Amino acid sequence: MNKLIWKKDITAEIYTWKSALWLLLTAIIYSVTCYLLLTNKELSLLDQTEMLWLLAKIIIGASLLVAIIDASSILTVEFEQETMEDLLISPLSVKDLIIGKFLTVMTVWALMYAVAVPYVLVSSAGSGLGPAFLAYIALYGTLMVGGFTLFVLGLSFLYRSFKNTLTTSLVFYLAVGIPALFSATLKANPFGSIISVANPLDAVFSSLDNILVDYHTALTANATYLASVAGFVVVAVVFLAVSVKVFDRHGIVKE
Amino acid sequence: MMSVSIALFAAFGAPASATAAIALDVSSSKTLSGTAGDFVTVNGTIANTGPTALSDVTAYLSLVDTTAHMPVDLEDWSVEKGLYIGTIGAGAKLPLDWKIHFVKSGDYALSILAIVKGENKPIGSALTYFHVAQKKNLNPGAVLPVALGEPILIVMFFLLLKYRRDKKSA
């Protein structure tokens, strides 16, 4: 059943030209970024490894933004258009519904990743970092997009409103995104260190720095960062489970 | 801002202090040209022409954009913006080499300056003029086929989908 939900939603995402415009805009963002970065690299103003790190952050950051917006609407639309009741009285469980919606957002991420691959290859040419770059972007992107999607779906069950879900999700994204962009000096004090360890996006950026700038490409060299991201995914799963319980208790018609 | 540039130009042409007895010479070409991204080396010498040793001598570069009439921040242009020479003996002559990276197109004037402890004004060398041509490479790192091609491919893919759908529905 979840396959039917996935098929319906992903068709809606890319069926018409207008609904798939985000994919073209993503490609244009990557084009402009890569062109600017490579022009600077040619002037030797930017080291190639630093350029790859910037590109990796842009790919992860843009993908998360698109995934959050997509996940915010994908479930709440069923509440706002009053189709949730119809879905739940059909032979479809809430679990099927969640898996179908989750897979749709993950497919959107997979498309964004596929669009990014040629840019990664052309910008990492000659560095020997291309395969590691692609593998770690796939790993971290999947974990982060997955974690955020589960969190946003959990919020959707609680709010049942696109506007509230999107606003809260974006604020949460900013809350993890802004400290991740702090300089190393700001993270040097004890409070900054705690935030840095607990922040999954910070862990992703630090790990990418470790891989692309310091050439520590082994999984074991990035285990602590992976643990932080995996911890976030577990928290998101628990949050979604609690939200579904709350939804079950209140029922489709919220009192 | 204008007064700052004028002051810098005044500093370039300032005669060596009679008491400091430091002579700065540029031995490389007085006019250098290249394209943005190129590296050139500016060679010079610093000499103590006096009878006594001088201590706490620092040599540094000053760069002015002669088109914009503005001093240029040496960030990215040179790794070593200044050289601490320390003590220079009587009659001693030391080489000074600076690797300059042409970052931006335009016309520039560069001078080597030195300050000596106890002196109230810097000592300047003759000017070296740079002409930096713009780098015209439309395809850095062979990125252009990807940067232009991928958005075009996506558009073509969706046009093809639309065409197939329209054909099917007709």
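How much area is buried between chain B and chain A, and what percentage of it do carbon and sulfur atoms give?

The model is predicted: local features need pLDDT of at least 70, side-chain atom pairs count only at pLDDT 80 or more, and totals for chains, interfaces and linings use all residues. Residues are numbered from 1 along each chain as its sequence is written, chains are lettered from A and ligands numbered from 1 in the order in which they are written, and side-chain values use heavy atoms, with hydrogens and water left out.

**View 1. Area buried between chain B and chain A.** About 1900 Å² is buried between the two chains, and carbon and sulfur atoms give 71% of this area. Buried area is the accessible area (1.4 Å probe) that two parts lose on being put together, summed over both. On the side of chain B, the residues that lose the most area to chain A are E150(B), F158(B) and R165(B), together 28% of what that side buries.

**View 2. Contacts between chain B and chain A.** In chain B, 23 residues are in contact (heavy atoms within 4.5 Å) with 23 residues of chain A. Between the chains, the count of salt bridges (a side-chain nitrogen of Lys or Arg within 4 Å of a carboxyl oxygen of Asp or Glu) is zero. Helix α2 (residues 144-169) of chain B, a DSSP run of H or I with at least four residues, supplies nine residues, the largest share of the side of chain B that touches chain A.

View 3. The C-alpha atoms of F39(B) and H101(B) are 4.5 Å apart, although 62 residues separate the two along the chain.

Key: Helices (H or I, at least four residues) and strands (E, at least two) are DSSP runs, numbered from the N terminus.
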